[in-house]
Amino acid sequence: MDYNSNVRPNSMQRITTIELANEFIDAQVKAVREQVGDKGVLLALSGGVDSSVVAALLIKAIGKQLVCVHVNHGLMRKGESEQVVEIFRNQLDANLVYIDATDRFLDKLVDVSDPETKRKIIGGEFVRVFEEEALKLKGEVSFLAQGTIYPDIIESDGVKAHHNVGGLPEDMQFIGLVEPVKLLYKDEVRVVGKALGLPYEMVERQPFPGPGLGVRCTGAITRDRLEALRESDAILREEFDKAGLTEKVWQFFTVVPDFRSTGVRNGKRVFDWPVIIRAVNTVDAMSATVPEIDWAVLKKITDRILAEVKGVCRVLYDLSPKAPATIEWE
């Protein structure tokens with residue numbers, strides 16, 4: 001099989017089993033070793049499915065020749081950056097550079113309320129942080145690795161759109177790209193991840209917007225509201241997991257909007273935020289329905305959020321399908 005091609009052959013068997021995934025991994029390990037030789041490879045490791053699977057595969061192929069860079073922009077879900085560090089540095093012995101850029105990102109987002117402007121700031125700043133780290137490593141790395149998958153190539157009309165680290169300066173002078181899963185669909189990437197031993201919660205990670213929690217903390221982001229969002233989202237995920245809903249609901253998360261509501265706590269008036277629970281089921285993300293969640297589960301989540309999350313006095317469940325609503329709020 002020619003894995004260097006950008007066209008998936010019709011004869012290529014879909015990877016649906018661990019056995020087929022292991023065959024693919026063996027072929028890619030050999031191909032990567034032949035491609036890079038003894039040179040270094042740089043990968044932006046977001047913690048998403050695609051980059052995580054590529055990282056695990058390249059660690060198997062070239063070990064410490066791979067340098068992974070994980071940028072924590074302060075907009076990750078609770079525990080995600082810690083999970084990336086634990087798995088790749090401590091369990092897989094990866095050569096991992098961890099950058100906590102929380103203050104840098106949040107300072108750039110002060111008083112920015114327009115969703116598109118937030119997206120551009122977050123995406124642009126990520127590229128700049130990664131550029132800076134890549135330039136520090138100039139001379140140590142020769143290849144750039146990316147989590148490009150086949151739908152990326154299809155959607156780019158045959159021209160590779162390198163979404164992970166787009167816009168890198170030419171003076172980095174990488175001599176080539178390493179894209180070991182570029183002929184795979186997302187479901188196949190997940191099977192390969194399982195075969196590589198990545199944990200379930202990483203392989204089956206829900207779709208997560210590039211700007212992270214930045215578009216779920218609607219309007220201008222504040223640190224206290226962002227913390228309320230992170231904590232409420234963690235409670236939702238924990239309770240859905242306990243109720244056996246994690247594998248039944250396609251995507252679920254919380255939103256904390258930039259307005260307050262009157263409430264009562266300890267006999268006194270408060271003026272706190274609402275938390276909105278969003279859960280959807282979909283096949284292609286073009287349309288989506290809202291699942292009926294057991295009342296006892298919703299009540300348990302509500303009770304915990306109101307008791308455990310500072311600055312919140314209401315919890316709501318978003319019943320809006322797509323269309324007319326979208327899955328994300330921003």
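In the predicted model, Pro324 is placed in the segment that follows β9. The peptide bond joining Ala323 to Pro324 is cis, with omega at about 15 degrees. Ala323 is likewise found in the segment after β9, a strand that spans residues 312-317. A further cis peptide bond links Lys322 and Ala323, and its omega is about -5 degrees. For context, most peptide bonds are trans.

Strand β9 itself contains Val312. With a relative accessibility of 0%, Val312 counts as buried, because the cut-off for burial is under 20%. Apart from neighbours within four places in sequence, the contacts of Val312 are Ala228, Arg265, Asp272, Trp273, Val275, Ile305 and Leu306. Between Val312 and Arg89 the C-alpha to C-alpha distance is 36 Å, and the two residues are separated by 223 residues in sequence.

Backbone torsions were examined next. Most residues other than glycine have a negative phi. Against this background, Asn266 shows a positive phi of about 55 degrees although it is not a glycine. Asn266 belongs to the loop that connects β7 (261-265) with β8 (268-280). The relative accessibility of Asn266 is 76%, and this residue therefore counts as exposed. Asp93, also a residue other than glycine, has a positive phi, near 55 degrees. The loop between α3 (80-91) and β3 (95-100) holds Asp93. A relative accessible area of 49% makes Asp93 partly exposed, since the exposed class begins over 50%.

Within α7, the buried residues are Glu188, Val189, Arg190, Val191, Val192 and Gly193. The elements covering these buried residues include α1, α2 and α8 (200-203).

Helices α1 and α2 also pack against each other. Helix α1 comprises residues 18-36 and helix α2 residues 49-62; the angle between them is about 65 degrees, and their axes are 9 Å apart. The crossing of α1 and α2 is right-handed. On the side of α1, the contact is made by Phe24, Ile25, Gln28, Val29, Val32, Arg33 and Val36, while α2 contributes Leu57, Leu58, Lys60, Ala61 and Ile62. Classified by residue type, this contact of α1 with α2 consists of nine nonpolar residues, one polar residue and two charged residues.

Aromatic interactions were then considered. A pair of aromatic rings is described by the distance of the centres and the angle of the planes. Three aromatic pairs are found in a search of the whole structure. One of them is the stacked pair of Phe126 and Phe130, with 6.4 Å from centre to centre and 10 degrees between the planes. Both of these residues, Phe126 and Phe130, lie in helix α5 (residues 115-136), where they are four residues apart, about one turn of the helix. An α-helix has 3.6 residues a turn, so residues three or four places apart point the same way. Phe126 counts as buried because its relative accessibility is 18%, and Phe130 counts as buried because its relative accessibility is 1%.

Tyr150 and Tyr185 form an aromatic pair with edge-to-face geometry, at 5.7 Å centre to centre and with 90 degrees between the planes. Tyr150 is part of helix α6 (residues 150-155), whereas Tyr185 is in the loop between β5 (176-178) and α7 (186-195); the pair therefore ties together parts that are 35 residues apart in sequence. Tyr150 has a relative accessibility of 11% and so counts as buried. Tyr185, at 28% relative accessibility, counts as partly exposed.

Arginine side chains are also found over aromatic rings. Arg216 is positioned over the face of Phe253, at 3.8 Å from the ring centre. The charged end of Arg77 sits over the ring of Phe208, at 4.2 Å from the centre of that ring.

Technical notes: Residues numbered from 1 in each chain as written. Predicted model: local features only at pLDDT ≥ 70, side-chain atom pairs only at ≥ 80, totals over all residues. Heavy atoms only, no water. Axes fitted to C-alpha atoms, helices over the stretch in contact; angles between N-to-C directions. Helix = DSSP H or I, 4+ residues; strand = E, 2+ residues; numbered from the N terminus. Left-handed = near helix turned anticlockwise from the far one by under 90°. Contact = heavy atoms within 4.5 Å. Nonpolar A, V, L, I, M, F, W, Y, C, P; charged D, E, K, R; others polar. Phe/Tyr/Trp six-rings, centres within 6.5 Å; stacked < 30°, edge-to-face > 60°. Buried < 20%, exposed > 50% of the residue type's maximum accessible area, 1.4 Å probe, protein only. Lys NZ or Arg CZ within 6 Å of the ring centre and 35° of its normal.
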